[in-house]
Amino acid sequence: MAAAPEISAAASPTDELLEKTSALTVQEATTDGLPPHRSHDPQFNQKRSDPFQFGSRYLQESDDVFEFNAWDHVETDDAYKEYAEQQFAMQRESPVSDFDKHRFNSDPAKWWNLFYKNNTANFFKNRKWLQQEFPILDKVTAEDAGPVTILEVGAGAGNTAFPILANNKNPKLKVHACDFSKKAVEVMRNHEEYNTDFMQADVWDAASEELPPGLEEGSVDVVLMIFIFSALSPRQWDQAVRNIYRVLKPGGEVCFRDYGRGDLAQVRFKKGRYLEENFYIRGDGTRVYFFEKDELAQIWSGATLAPKDGAEVDETTSSSDPETKQALFDIEELGVDRRMLVNRARRLKMYRCWLQGRFRKK
């Protein structure tokens, strides 16, 4: 399954949304004194020490919104929330037709192959921020880390795998980069930095009953799922979580980041894109879901099905037998990353919402 493309901070939303949101106010967080993050002095341009702190540039009542490119922990005000709910109501009233719903859901790989055919690898930015957000990546790439296997699900064009390998000092590291799209895997294998001594790129459907090529049960130390779970249908979640559980070693870790409900990308969807609640079709035919924090916690900690030998999974059937459910993962961290991104040149405000977590196999 291909990783969902991330929206650039400089990308402009539709004129309708911009006109309605550019004048909105936000709820301010109060802090004592001026923290270093608020200074323009270069000596304070440092990374945060806590990856789940999500920054400390708080917007206060007396601040000029357009002084910085982004503000952290910004809760949208009542006006924006009301507008977002109006947008959601409009989307529900004009859903995708039954014909198109079948067309997009029956063969999602087709649309991801077209996506990567139409977009070169230069379309994506390398995720150099990952080792800051997930410190375990620094640990497993250290020279003395020993044998380590990383599985990236929804690897796309390799924008996570290649930066990890570029910083790797561990001679015994192996990255398995898997994607739903044959075209995406082709892009990775043709990359100038692709080295089979440290990396293996393969086609794999995270919601299938098969494990990734070259991997056995209990063989993986870390699984990366960055903007990929949102590309799955809700009826595929249980099987995908079971697969991750099977492939991880006991105590293995999942590093997770994806879209949160109310994100700008969701609010700006127009008519004819709504599949079901919080689940949409983009203009290029790829699918995207926007999660609630409690929903994700339930999926990963207690509402998934334990692996069953010989079980068949049909995307049209939801797993719901309470007798087969068991907790598969401990939630180590799960946070909401809210930011207001600012286009200072056009004096526009854009509200983003992501969810980030670490889940450990029981």
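Student: What is the relative accessible area of R103, and is R103 buried or exposed, or in between?
Tutor: This is a predicted model: local features need pLDDT of at least 70, side-chain atom pairs count only at pLDDT 80 or more, and totals for chains, interfaces and linings use all residues. Residues are numbered from 1 along each chain as its sequence is written, and side-chain values use heavy atoms, without hydrogens and water. Buried means under 20% relative accessible area, exposed over 50%, partly exposed in between (1.4 Å probe, protein chains only). R103 is partly exposed, at 32%.

Student: Which residue does R103 meet in a salt bridge?
Tutor: A salt bridge is a side-chain nitrogen of Lys or Arg within 4 Å of a carboxyl oxygen of Asp or Glu. The N to O distance is 3.0 Å, and the partner is D100.

Student: Where do K183 and E186 both lie?
Tutor: The two form a salt bridge, with the closest N and O atoms 3.2 Å apart. K183 is partly exposed at 27%, and E186 is partly exposed at 39%. They are 3 residues apart, about one turn, in helix α8 (residues 182–189).

Student: Is D337 buried or exposed?
Tutor: D337 forms a salt bridge with R339, the closest N and O atoms being 2.9 Å apart. Its relative accessibility is 0%, so D337 counts as buried.

Student: How many salt bridges are there by this rule?
Tutor: Some are linked in a network: E85, R92, R261, E277 and E292. The count comes to 18.

Technical notes
Helix = DSSP H or I, 4+ residues; strand = E, 2+ residues; numbered from the N terminus.
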